[in-house]
Amino acid sequence: MTVEEFILAVKNAGINLTKQQIQQFEQYFDMLVATNEHVNLTAITEKKDVYLKHFYDSLTVAFYEKELATTEKTLIDIGTGAGFPSLPLKIVLPQLKITMVDSLQKRINFLQEVVTNLGLSGVEIIHGRAEDIGQDRKYREAFDYATARAVARTSVLAEYTLPFVKVGGKFIVMKGAAAQQELADGKKALAILGGVLRDEFEFSLPNGDARDIQIVDKNKKTPKQYPRQAGTPSKKPIG
Ligand code: SAM
């Protein structure tokens with residue numbers, strides 16, 4: 001997807017990018033590729049692939065969860081890596097407050113540089129593991145939204161994300177072709193952690209890749225024992 005195709009596809013989804021936002025995506029791309037020379041950030045480096053598989057794919061969250069665009073919502077992105085999906089979302093929805101979490105310090109350093117260079121405000125960047133931060137009272141059940149892309153299967157991811165979501169908030173699950181199976185395997189975890197599936201959107205990226213966004217409502221508090229100790233959710237998923 002060229003930059004022009006990206007702008008048009010985003011417009012067709014209802015978002016008109018300003019010159020400044022287009023410039024911010026260009027700057028982000030330049031920094032991603034330059035830093036990737038010496039820090040492992042992504043295997044995707046061709047410009048047309050970054051625009052499709054990182055930038056556009058991240059924005060599909062805003063295409064399907066329209067309420068994200070309403071005033072001052074807070075979103076936590078677990079295992080954000082080089083900033084996906086939360087940084088592209090922040091660029092197009094400047095009023096959204098984002099918190100990015102990753103356990104790798106080098107990626108956190110990169111994110112700090114991008115946020116400074118792009119002049120973004122309303123961004124918090126935290127180095128650590130979801131299992132530890134999810135037990136911190138400052139962050140627990142404090143967000144309107146939690147999301148994550150390419151971090152773990154749904155049964156594990158639910159334990160990384162739902163502890164951060166306020167009752168009445170949402171966990172946005174971003175998946176590919178395995179979404180249905182992962183959801184079936186994760187049903188018990190979602191229920192125990194206070195989540196219930198509200199909506200599901202199956203679609204394709206412009207290149208035909210299958211995508212599935214599931215919106216999980218948080219309808220009751222997460223029991224205190226979750227998330228369990230770092231490493232336990234992936235070793236012994238609930239269910
Ligand atoms: N979300 C990004 C994306 O879609 O490009 C990055 C995906 S990358 C495959 C997974 C990221 O999750 C890595 O940067 C890793 O450091 C981070 N990660 C994995 N387990 C984590 C945990 N328990 N807590 C915080 N970060 C974690």
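Me: In which strand is the place of Thr99?
Reply: The model is a predicted one. In it, Thr99 belongs to strand β2, which covers residues 97-102.

Me: Why is Thr99 called buried?
Reply: The relative accessible area of Thr99 is 6%. Buried means under 20%, so Thr99 is classed as buried.

Me: Which residues does Thr99 touch, once those up to four places away in sequence are not counted?
Reply: Thr99 touches Leu75, Ile76, Asp77, Glu124, Ile126 and Phe143. Contact here means heavy atoms within 4.5 Å.

Me: What makes β2 mostly covered?
Reply: Five of the six residues of β2 are buried.

Me: How do you know that β1 and β2 pair?
Reply: Pairing calls for at least two bridges, and five bridges join strand β1 (residues 74-78) to β2, the two running parallel. Within this pairing, Ile76 has Thr99 in β2 as its bridge partner. The chain passes from β1 to β2 by way of helix α4 (residues 86-92), in a right-handed β-α-β crossover.

Me: What joins β2 to β3, and in which sense do they run?
Reply: Five bridges join β2 to strand β3 (residues 123-127), and the strands run parallel. Opposite Val101 stands Ile126 in β3. Helix α5 (residues 105-118) carries the chain from β2 to β3, and this β-α-β crossover is also right-handed.

Me: Why is β5 described as largely enclosed by the rest of the structure?
Reply: Eight of the eleven residues of β5 are buried, so the description applies.

Me: How do β4 and β5 pair?
Reply: Strand β4 (residues 143-148) and β5 run parallel and are joined by five bridges. Tyr145 is placed opposite Lys170 in β5.

Me: In what sense do β5 and β7 pair?
Reply: The pairing of β5 and β7 is antiparallel and extends over six bridges. Ile172 has Ile215 in β7 as its bridge partner.

Me: What is the volume of the largest pocket, and which residues lie nearest its centre?
Reply: The largest pocket has a volume of about 390 Å³. Its lining comprises 21 residues, and those nearest the centre are His54, Gly79, Phe84, Arg149 and Ala150. Two or more lining residues come from each of α3 (47-64), β5 (165-175) and β7 (210-218).

Me: How do the residues of this lining of the largest pocket divide?
Reply: The lining of the largest pocket holds seven nonpolar, seven polar and seven charged residues.

Me: Why is His54 called buried?
Reply: His54 has a relative accessible area of 7%. The cut-off for buried is under 20%, so His54 falls within that class. This residue is found in helix α3. Leaving aside neighbours within four places in sequence, His54 is in contact with Leu32, Thr42, Ile44, Asp49, Phe84, Pro88 and Arg149.

Me: What lines the second largest pocket, and which classes are present?
Reply: The second largest pocket contains about 150 Å³ of space. Its lining is formed by Gln135, Arg137, Arg140, Glu141, Lys221, Thr222 and Lys224. By class, this lining has five charged, two polar and no nonpolar residues.

Methods: Residues numbered from 1 in each chain as written. Predicted model: local features only at pLDDT ≥ 70, side-chain atom pairs only at ≥ 80, totals over all residues. Heavy atoms only, no water. Helix = DSSP H or I, 4+ residues; strand = E, 2+ residues; numbered from the N terminus. Buried < 20%, exposed > 50% of the residue type's maximum accessible area, 1.4 Å probe, protein only. 1 Å grid on protein atoms, 1.4 Å probe; cavity = no way out; pocket = protein on both sides within 12 Å on 5 of 7 lines; lining within 4 Å. Points joined across faces, edges and corners; volume = space filled by probe spheres on them. Nonpolar A, V, L, I, M, F, W, Y, C, P; charged D, E, K, R; others polar. Right-handed = clockwise from strand over helix to strand, strands pointing away.
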